[in-house]
Amino acid sequence: MNNRLRDAFDSPGFIAFLTGGDPTIEDTRRFIGVLARAGASLVEIGIPFSDPIAEGPVIEQASARALDAGATPEKIFGLVDLLRTEDHVSIPLALMTYLNPVHHYGYAAFFARAAQVGVDAIIIPDLPWEEQGEVRDVATRFGVALISMIAPTSATRVRQIAREATGFIYLVSSLGVTGVRSSITTDIASIVAEIRAATDVPVAVGFGISTPEQAREMAALADGVIVGSAIVSLIASHGAQADQAIDDYARLMVAAVNEAAPSHRPGTRP
């Protein structure tokens, strides 16, 4: 794990997702600065794609807006470069995209560019764990962590996936696509226990989390909480003027995560 990723999980982490280029690349750049100053431990930047099969309507519509505004993978790379070199954003930045854009760009070219601009990790929801080999090898060569996802349906292979995980593990809290949920009913504690029996790699829980209460509950069980649709909804509502709404929300969620004081930390096992 690189230093930025390791440091992000020294204490409970609030991980924020937004769609790159929604409503514009410059707005996304500013919003990420807001999130970093508000205490986000890591920011995931979605590369817009025309067929985002893992996304609910909120993020799907954000991808459509970003594509209509001209967002491309190369512009997202340029955004990360500006965040690192001009804005001095030092928290980890992860890309979230689908395999098609990575394949189309070329694996070596994509990860070389990602490393050049300061990307720490990548999440590819439609890349099955069993087929990660080639992508993982190239990503690793360039120092970019390929994040493994574990879903409630992964029960029989949780430990297998966990043993090969790098960076952090994205634990999907609920079946289905992304989106706000009123409650999380999956037995997260049991899955986290299975993961911790196999690896010390940090575990972050995502999909459906939107309230401070949910964030506090999940942070007490894991090492990080991922929130996407709730932030993207704020951007949909406020557009380019979403800065204050994002700041207020992020600070509320950071405080909730910090209050959780989980009993287990990265590097420990029950």
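The radius of gyration, taken here over C-alpha atoms, is compared with a globule rule of 2.2 Å times the number of residues to the power 0.38. For 270 residues, a compact globule would come near 18 Å, and the chain, at 17 Å, agrees.

Colleagues, this is a predicted model, in which local features need pLDDT of at least 70, side-chain atom pairs count only at pLDDT 80 or more, and totals for chains, interfaces and linings use all residues. Residues are numbered from 1 along each chain as its sequence is written, and side-chain values use heavy atoms, with hydrogens and water left out.

I begin with the overall dimensions. The C-alpha trace spans about 45 × 40 × 35 Å along its principal axes. Of the 270 residues, 56% count as buried, meaning under 20% relative accessible area with a 1.4 Å probe, protein chains only.

I turn now to the secondary structure. The chain holds twelve helices and nine strands; these are DSSP runs, of H or I over at least four residues for helices and of E over at least two for strands, numbered from the N terminus.

Conventions. Buried means under 20% relative accessible area, exposed over 50%, partly exposed in between (1.4 Å probe, protein chains only).
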